[in-house]
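Trainee: I would like a close look at one part of this model: the strands. Please walk me through how they pair.

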Amino acid sequence: MVVVARGRALTWWSEVVTWWSEVGVVRVGGGDGGLRRRSSFSYGIESDINCLKSLKASLEDPFNYLSSWDFNNATEGFICKFIGIDCWHPEESKVLNIRLSDMELKGEFPHGLKNCSALTGLDLSSNKFYGTIPSDFSHILPYVTTLDLSSNNFSGEIPKDMANCTYLNVLKLDSNKLSGQIPLDLVSLSRLNSFSVANNLLSGPVPIFRFPVQAENYANNAGLCGGPLTAC
């Protein structure tokens with residue numbers, strides 16, 4: 001049992017190190033102080049500021065939730081104090097998560113997010129986003145681990161390209177107007193452990209994931225079948 005547990009720990013650690021390497025974080029010593037950004041990360045700081053500028057400019061914000069996003073500031077890490085923004089480090093303008101749930105924000109999916117080059121978490125749930133989810137999604141957010149676009153007005157198909165978001169753990173697309181089939185290629189996402197597409201207009205067979213997905217996560221899509229639902 002000890003050998004198995006140790007093997008799993010080593011596998012997990014290997015994946016973490018791989019992920020750090022790909023997003024530009026390297027380990028240079030022991031303890032919490034052992035993490036450093038590569039020098040190339042300095043480029044990303046300006047990129048991330050432009051990312052948030054683009055995001056704010058692309059949205060209707062009727063209740064001025066984003067009024068705190070003041071870019072007339074030269075202080076190191078100033079964007080890390082913005083509402084809804086988590087940074088890799090509080091004094092470095094490198095965005096880790098964007099959490100803008102339930103703010104009545106309106107607009108299409110913000111393509112400018114590609115400039116947040118190390119973004120791992122995106123929560124735009126319970127807003128008024130509309131239009132299609134970009135077909136090249138993995139090129140916009142290649143390192144995303146948690147994605148919540150639920151309770152919006154997104155339409156069209158779920159992009160097959162989402163299967164290339166190899167770090168994805170959580171995918172919530174419920175309560176939109178998505179149609180067509182769920183891409184079966186999503187089963188290749190080996191880290192995925194939570195998936196919900198309830199309350200859409202989807203049809204066809206559901207993917208058979210490596211983890212259990214309850215019927216309620218597919219509810220109110222009259223055309224879906226297979227898996228925990230009725231046979232196709």
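Through how many residues does a hairpin join β3 to β4?

Mentor: The hairpin joins β3 to β4 through 2 residues. First, the ground rules. This is a predicted model, where local features need pLDDT of at least 70, side-chain atom pairs count only at pLDDT 80 or more, and totals for chains, interfaces and linings use all residues. Residues are numbered from 1 along each chain as its sequence is written, and side-chain values use heavy atoms, with hydrogens and water left out.

Now the terms. Strands (E, at least two residues) are DSSP runs, numbered from the N terminus. Two of them pair if DSSP finds at least two bridges between them.

Strand β3 covers residues 85-89 and β4 covers residues 92-99. They run antiparallel, joined by 4 bridges. D86 has N97 in β4 as its bridge partner.

Next, the open sheet. Its 6 strands follow the order β5-β7-β9-β11-β13-β14, with parallel pairing. β5 (106-108) and β14 (223-225) stand at the edges with a single partner strand each, so one side of each has no neighbour in the sheet. On average, neighbouring strands here are turned by 20° against each other, direction ignored (axes are lines fitted to C-alpha atoms).

Look inside this sheet. β9 (residues 153-156) and β11 (residues 177-180) run parallel, joined by 2 bridges. G156 stands opposite L178 in β11.

Last, confidence. pLDDT is the predictor's confidence in each residue, from 0 to 100. The chain's mean is 86, and 81% of its residues reach 70 or more. Over residues 1-14 the pLDDT is below 50. Where pLDDT is low, the predicted coordinates should not be read in detail.

Technical notes. Axes are lines fitted to C-alpha atoms, for helices over the stretch in contact, and angles run from 0 to 180 degrees between N-to-C directions. Contact means heavy atoms within 4.5 Å.
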